[in-house]
Amino acid sequence: MRMHRGSSKEVRDAPRASESLPLSAPPATVPVDLEITRGRGVERRQLRVPPGTLVRTVLRQSGCAPEGSAVLLGETSVPLDLPIDRPLRLTVVPTFSGG
């Protein structure tokens with residue numbers, strides 16, 4: 001009588017690790033559109049920042065003074081310490097002028 005060589009007692013290779021990435025991986029950067037009002041004109045700028053970047057940091061990167069600006073999301077004022085976690089369009093209104 002011959003034994004079958006495909007016995008369940010054979011040593012098996014360790015399972016291989018999955019090579020796929022999770023579907024919920026966060027984006028590397030988030031687009032932020034700024035509309036900076038000056039007098040009657042509007043200057044538009046777009047930045048890409050890492051998720052969690054504060055509005056204050058975005059203003060500094062765009063050349064605006066955060067302490068001298070009001071920032072609106074739609075018609076709602078937002079705090080400078082708001083972390084950005086999704087694409088946003090912000091309106092920046094300078095609250096002081098040089099003189």
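Guide: Helices (H or I, at least four residues) and strands (E, at least two) are DSSP runs, numbered from the N terminus. Residues are likewise numbered from 1 along each chain as its sequence is written, and side-chain values use heavy atoms, with hydrogens and water left out. This is a predicted model, in which local features need pLDDT of at least 70 and side-chain atom pairs count only at pLDDT 80 or more, while totals for chains, interfaces and linings use all residues.

Visitor: How many helices and strands does the chain have, and in what pattern do they follow one another along the sequence?

Guide: The chain has one helix and seven strands, and, read along the sequence, these follow the pattern β-β-β-α-β-β-β-β.

Visitor: In what order do the strands of the open sheet lie?

Guide: Two strands pair if DSSP finds at least two bridges between them. Here five strands form an open sheet in the order 2-1-7-4-5, and the pairing is mixed. Strand 2 (41–49) and strand 5 (76–77) are the edge strands, each of them pairing on one side only.

Visitor: Which way do the neighbours of strand 1 run, parallel or antiparallel?

Guide: Strand 1 (residues 30–38) runs parallel to strand 7 (residues 88–94), to which five bridges join it, and there Asp-33 has Arg-89 as its bridge partner. Strand 1 runs antiparallel to strand 2, with nine bridges between them, and Leu-34 stands opposite Arg-45 of strand 2. In the hairpin that these two strands make, two residues lie between the strands, and Gly-39 takes a positive phi near 65°.

Visitor: Where does helix 1 lie?

Guide: Axes are lines fitted to C-alpha atoms (for helices over the stretch in contact), with angles from 0 to 180 degrees between N-to-C directions. Helix 1 (residues 55–62) lies across strand 1, strand 2, strand 4 (69–73) and strand 7, and it runs at about 115° to strand 2.

Visitor: Why does Glu-35 count as buried?

Guide: Buried means under 20% relative accessible area, exposed over 50%, and partly exposed in between (1.4 Å probe, protein chains only). Glu-35, whose place is in strand 1, counts as buried because its relative accessibility is 19%. Of the 99 residues of the chain, 25% count as buried.

Visitor: Which residues is Glu-35 in contact with, leaving aside its neighbours within four places in sequence?

Guide: Contact means heavy atoms within 4.5 Å. With those neighbours left aside, Glu-35 is in contact with Val-42, Glu-43 and Arg-44, and also with Arg-89, Leu-90, Thr-91 and Val-92. For the chain, among contacts between residues at least 6 apart in sequence, 48% join residues at least 24 apart.
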